[in-house]
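These are my notebook entries on a single chain, written while I went through the model element by element. I kept to what I could look up directly.

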Amino acid sequence: TYEKMARKGLRVLALAYKRLPDTTSDSVAASMTREDVESDLLFGGFIAFECKIRADSGIVVKSLTDSHHAVSMLTGDGLLTSLHVAKEVNICDKKMDCLTLAAGSNTAHWVVDEEPSVLKNTEKRDIPLEIEGITDLAKTYNLITTEAEFMKVINATGGETSPLWNYCGFFRVFARMSPQGKASVIKSIQDSSEDNCVLMCGDGGNDVGALKQANVGMALLSGHANANTTDSPIEEESPE
């Protein structure tokens, strides 16, 4: 159920609850630690939110990629939700399969995303990770990852000196990213080549570090809710 909603681009929250004994006083409940409150919870259901996409986003991104600019998404959203949005706005090529980076205890590999599930790795076709081969792999696949899996590989291959840092620009989606993670990815793209110049667009407080790190940081403060999501993305031509 979660995957079906996430693959439609919905942001999904899981709800859970814990029933306390009727004899529990207000003072006892108020003094409970977060660990106690959040233990032995019962699943309550899902809440799904839709954040509509600007009508002109796909055209803008396609214009950038057609002019040989690399475009990637750095987001705190979940992997499946992010992937749906990335396809809708042309960050990911809909004609190409997606490879998700997955780190095991001793090895790392790519999981081929074949619906209905990208989460059940045992049901997926795996491709061994060869860091030096990422450049060629990115020509035929959309490469996506979460910060947690990416950092597992980083830590296993040298930490700050890991060669994987040099290939951040070949990933189309970084999901479940922290503010520090976003800034680190941008810095690695800048450091991988003197010719790289990074423009970052962000609309949230967790984007501030990345906006400051980028060569050009554009804070998107105007527009909210469903603004600019239903207008025609193409301006009508003048009769002249």
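**Entry 1: a salt bridge within a helix**

I began with K152, which is partly exposed because its relative accessible area is 45%. The model is a predicted one, and I read every value below with that in mind. K152 forms a salt bridge with E149, and the closest N and O atoms of the two are 3.2 Å apart. I then checked their spacing: K152 and E149 are 3 residues apart in helix α7, which means that about one helical turn separates them. As a reminder to myself, an α-helix has 3.6 residues a turn, so residues three or four places apart point the same way.

**Entry 2: other salt bridges**

I searched the whole structure for salt bridges and noted 9 of them. One of the others I looked up joins the side chains of E38 and R34, with 2.9 Å from N to O. Here E38 counts as partly exposed at 46% relative accessibility, while R34, at 62%, counts as exposed. I also looked up the salt bridge in which the side chains of E88 and K94 meet, at 3.8 Å from N to O. In that case E88 is partly exposed, with a relative accessible area of 40%, and K94 is exposed, with 53%.

**Entry 3: aromatic rings around F150**

I returned to helix α7, residues 147–156, since F150 lies in it. The count of aromatic pairs in the model comes to 7. In one of them, F150 and W165 are arranged edge-to-face, with 5.6 Å from centre to centre and 70° between the planes. W165 sits in the loop between α7 and β8, so this pair ties together parts of the chain that are 15 residues apart in sequence. Both F150 and W165 are buried, and for F150 I noted a relative accessibility of 3%.

Which arrangement do the rings of F150 and F171 take? Their centres are 5.8 Å apart and their planes stand at 90°, so I recorded this pair as edge-to-face. F171 also belongs to the loop between α7 and β8, and the pair links distant parts of the chain, 21 residues apart. F171 is buried, and its relative accessible area is 0%. Taking the rings together, I found that W110, F150, W165, F171 and F174 form one aromatic cluster.

**Entry 4: the sheet**

Next I traced the open sheet, in which 6 strands follow the order β3-β8-β7-β4-β5-β6 with mixed pairing. The edge strands are β3 (73–74) and β6 (126–128), each of which pairs on one side only. At one position T146 stands opposite A175 in β8.

**Entry 5: helix α4 and the residue after it**

Which residues are buried in helix α4, residues 57–66? I noted S57, G58 and V61. Viewed down the axis of α4, its buried residues fall within an arc of 90°, so they line one face of the helix. Just after α4, I recorded a positive phi of about 65° at H68.

**Entry 6: a nonpolar patch on the surface**

On the surface I looked up a nonpolar patch formed by L13, L15, I47 and F49, which together have about 340 Å² of accessible area. The elements that give two or more residues to the nonpolar patch are β1 (11–17) and β2 (42–49). I47 is found in strand β2 and counts as partly exposed, at 33% relative accessibility.

**Entry 7: G9 and K87**

Last, I looked up G9, which lies in the loop between α1 (2–6) and β1. At 11% relative accessibility, G9 counts as buried. How far apart are G9 and K87 in sequence and in space? They are 78 residues apart in sequence, and I noted 10.0 Å between them in space, C-alpha to C-alpha.

Key. Residues are numbered from 1 along each chain as its sequence is written. This is a predicted model: local features need pLDDT of at least 70, side-chain atom pairs count only at pLDDT 80 or more; totals for chains, interfaces and linings use all residues. Side-chain values use heavy atoms; hydrogens and water are left out. Two strands pair if DSSP finds at least two bridges between them. Helices (H or I, at least four residues) and strands (E, at least two) are DSSP runs, numbered from the N terminus. Buried means under 20% relative accessible area, exposed over 50%, partly exposed in between (1.4 Å probe, protein chains only). The arc is that of the directions from the helix axis to the C-beta atoms. Patches are made of residues with over 30% relative accessible area and no salt bridge: like charges are joined within 9 Å, nonpolar side chains (Val, Leu, Ile, Met, Phe, Trp, Tyr) within 5 Å. Accessible areas come from the Shrake-Rupley method with a 1.4 Å probe; for residues, only the protein chains shown count as cover. A salt bridge is a side-chain nitrogen of Lys or Arg within 4 Å of a carboxyl oxygen of Asp or Glu. Rings of Phe, Tyr and Trp (its six-membered ring) pair if their centres lie within 6.5 Å; planes under 30 degrees apart count as stacked, over 60 as edge-to-face and the rest as tilted.
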